[in-house]
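Subject: Handing over the model, with notes

Dear colleague,

Please find below the structure I promised to pass on to you. My notes on it follow directly after.

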Amino acid sequence: MTQNVTVKCVMVGDSGVGKSALALSFVKGYVPRNITSTIGTSFLVQNVYVGKHKIPIEIWDTAGQERYRCLTRLYYRDANVVLIMFDLSLPIQKKNIYYWINEINENCECTKNYIIGTKNDLPINLETYKKLINIAQKKQLDFISTSAITRKNINTLFSQIAQTQLPKIKINKNKIQIQEKQLENASLLKMFCC
Ligand SMILES: Nc1nc2c(ncn2[C@@H]2O[C@H](COP(=O)(O)OP(=O)(O)O)[C@@H](O)[C@H]2O)c(=O)[nH]1
Ligand SMILES: [Mg+2]
């Protein structure tokens, strides 16, 4: 028997970096022409298989605008994985990258965070790329360069995310075995004590 462990994966980043596109590209396999701006947070789920284990990944797609920030904090508080996303085709300030990393460090006890570069099908801004790689190294975060349009690295990213949760499946199995043992003991007690 295999136990399901659901992974809560939250995407954060400025408005327009491509969070909704990446979620849709992963779940639906394509990016619709007109993506509507995310209000609050939307939610999608997709199963990923690691060996015989089915791992449902919940993708929480948050709105980037400042006015929703208090609301979106509620979503990443109990996330397992956070994808901190930046548009590779645009210039970026270091302080913006650090803003998001600190925001997640202060508000979330996630098991794994990634820095995700988006839109790598467009001509990329080399300065942005270098800054992201350097900061990822400094902060010991994995960096993955993606495109929602070509689907570059999308499946690789979510397979990696699913694999990070495998140890939890083993723990859950142990828990279930212990519970079964306790039930057996309870039945034995009933037989002998009553
Ligand atoms: N070329 C390209 N455009 C993208 C990509 N991802 C998103 N976009 C475009 O960038 C714009 C903002 O994307 P969206 O997913 O709504 O950003 P969000 O505000 O972070 O959710 C849309 O016009 C998308 O079509 C990508 O990988 N490549
Ligand atoms: Mg969006």
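Predicted model: local features only at pLDDT ≥ 70, side-chain atom pairs only at ≥ 80, totals over all residues.

To begin with the overall layout, the chain holds six helices and six strands, which are arranged along the sequence in the pattern β-α-β-β-α-β-α-β-α-β-α-α. Of its 194 residues, 29% count as buried, and among the contacts in the chain with a separation of 6 or more, 76% are made by residues 24 or more positions apart.

The parallel pairing can be followed strand by strand. Strand β1, residues 7–12, runs parallel to strand β3, residues 53–62, and is joined to β3 by five bridges; within this pairing, Met11 has Asp61 of β3 as its bridge partner. With strand β4, residues 81–87, β1 also pairs in the parallel sense, here over four bridges, and Cys9 stands opposite Val81 of β4. Val81 in turn stands opposite Lys112 in β5, and the chain passes from β4 to β5 by way of helix α3, residues 94–107, in a β-α-β crossover that is right-handed. On its other pairing, β5 runs parallel to strand β6, residues 142–145, with four bridges between them, and Ile115 is found opposite Phe143 of β6. The unit made of β5, α4 and β6 is again a β-α-β unit, and it is right-handed.

Burial of these strands comes next. In β1, five of the six residues are buried, so that the strand is mostly covered. Strand β5, residues 112–118, is largely enclosed by the rest of the structure, because six of its seven residues are buried. The largest nonpolar core has 37 residues, of which Cys9, Val10, Met11, Val82, Leu83 and Ile84 touch the most other members; β4 gives the most to this core, with six residues.

Turning to the ligand, 18 residues surround ligand 1, and the closest of them are Gly18, Lys19, Ser20, Ala21 and Ala148. By class, this shell is made up of seven nonpolar, eight polar and three charged residues. Which element gives the largest share of the shell? That is helix α1, residues 19–28, which supplies three residues. The helix is itself largely enclosed by the rest of the structure, because eight of its 10 residues are buried; these are Lys19, Ser20, Ala21, Leu22, Ala23, Leu24, Ser25 and Phe26. After α1 comes Gly29, which has a positive phi, near 90 degrees.

Is each of them buried or exposed? Lys119 counts as buried, because 24 C-beta neighbours lie inside 10 Å, whereas Gln140 is exposed, with 7 other C-beta atoms within 10 Å.

Last, Thr128 lies in helix α4, residues 126–138, and is partly exposed, because 19 other C-beta atoms lie within 10 Å, where a buried residue would need 20 or more. Not counting residues up to four places away in sequence, Thr128 touches Phe86, Leu88, Leu90, Pro91 and Ile92. The C-alpha atom of Thr128 is separated by 9.9 Å from that of Ile97, a residue 31 positions away along the chain.

With best wishes

Terms used:
Residues numbered from 1 in each chain as written. Chains lettered and ligands numbered in written order. Near = placed C-beta within 6 Å. Helix = DSSP H or I, 4+ residues; strand = E, 2+ residues; numbered from the N terminus. Nonpolar A, V, L, I, M, F, W, Y, C, P; charged D, E, K, R; others polar. Buried ≥ 20, exposed ≤ 12 C-beta atoms within 10 Å, placed from the backbone. Contact = placed C-beta atoms within 7 Å. Pairing = 2+ DSSP bridges. Core = buried A, V, L, I, M, F, W, Y, C linked by C-beta atoms within 7 Å. Right-handed = clockwise from strand over helix to strand, strands pointing away.
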